[in-house]
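User: I would like to learn how to read helix packing and pockets in a model. Could you take me through it step by step?

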Amino acid sequence: MRDAEEFDAFYAACAGRIVGHVYALTGNRSEAEDAVAEAFTRAWQRWATVREADSPEAWVRRVASRAAVSSWRKTFNRVRAHRRAAAVDQSVPGLNEDHVALLQALQQLSANQRRAVVLHHLNDLSVAEVAAEMQVPVGTVKSYLARGRRAMAGMLTEAHQERASHG
């Protein structure tokens with residue numbers, strides 16, 4: 001029973017952060033929740049091994065990220081998202097123009113830049129922790145972050161200027 005209690009505590013402590021991470025990567029809350037549920041299912045099946053990992057949370061985050069960005073899901077999700085966007089009322093509760101602009105800007109980055117930016121800025125991981133999770137050198141992470149921030153700054157500035165000119 002100790003395993004179940006330990007796993008439940010682990011889940012309670014980090015599930016929300018991981019959903020937020022995958023949501024930022026994909027821009028789709030329901031797909032993020034599905035991917036995280038799948039990752040936690042896999043973690044439970046391998047709990048004896050996962051609990052011994054350097055960071056069980058990073059293990060689950062990595063599995064969830066991989067599940068969410070598989071090529072067939074990306075294609076399917078794009079089609080669904082375009083259909084929903086056309087039908088959704090623009091006054092969705094909890095979303096504001098800045099949030100939407102941020103998610104749109106993130107989607108314009110390369111996958112590696114987006115992952116580094118989300119891990120560092122939204123999940124508050126250090127550059128070294130991001131490098132370890134992405135399995136790349138620290139210098140590569142710094143490059144992803146610099147390029148990603150520079151690209152997003154331009155996109156977010158343009159989005160802000162467009163809203164100001166229409167508002």
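User: Is the crossing in which H2 passes H4 left-handed or right-handed?

Analyst: Look at the near helix: turned from the far one by less than a right angle, anticlockwise is left-handed and clockwise right-handed. Here H2 passes H4 in a right-handed crossing. The contact (heavy atoms within 4.5 Å) involves Ala35, Val36, Glu38, Ala39, Phe40, Arg42 and Ala43 of H2, and Trp59, Val60, Val63, Ala64, Ala67 and Ala68 of H4. Eleven of these residues are nonpolar, none polar and two charged. This is a predicted model, where local features need pLDDT of at least 70 and side-chain atom pairs 80 or more, while totals for chains, interfaces and linings use all residues. Residues are numbered from 1 along each chain, and side-chain values use heavy atoms, without hydrogens or water.

User: At what angle do H2 and H4 pack?

Analyst: Angles run from 0 to 180 degrees between N-to-C directions of axes fitted to C-alpha atoms. Helix H2 (residues 29–45) and helix H4 (residues 56–68) pack at about 130°, with axes 8 Å apart.

User: How do the axes of H1 and H4 cross?

Analyst: The axes of helix H1 (residues 2–26) and H4 come within 10 Å and cross at roughly 35°. Residues making this contact include Phe10, Ile18 and Leu25 of H1 and Val60, Ala64 and Ser65 of H4. By class, the H1 contact with H4 has nine nonpolar, three polar and three charged residues.

User: Which residues lie nearest the centre of the second largest pocket?

Analyst: Rolling a water-sized probe over the atoms shows where empty space is left. Ten residues line the second largest pocket, with Leu25, Ser65, Val69, Ala111 and Arg115 nearest its centre. Helix H7 (111–122) and H4 each supply at least two lining residues, and H7 gives the largest share, four. Three lining residues are nonpolar, two polar and five charged.

Technical notes:
Ala, Val, Leu, Ile, Met, Phe, Trp, Tyr, Cys and Pro count as nonpolar, Asp, Glu, Lys and Arg as charged, and the others, Gly among them, as polar. On a 1 Å grid over the protein atoms alone, a cavity is a set of points where a 1.4 Å probe fits but cannot get out, and a pocket is an open set with protein on both sides within 12 Å along at least five of seven lines; lining residues have an atom within 4 Å of a point.
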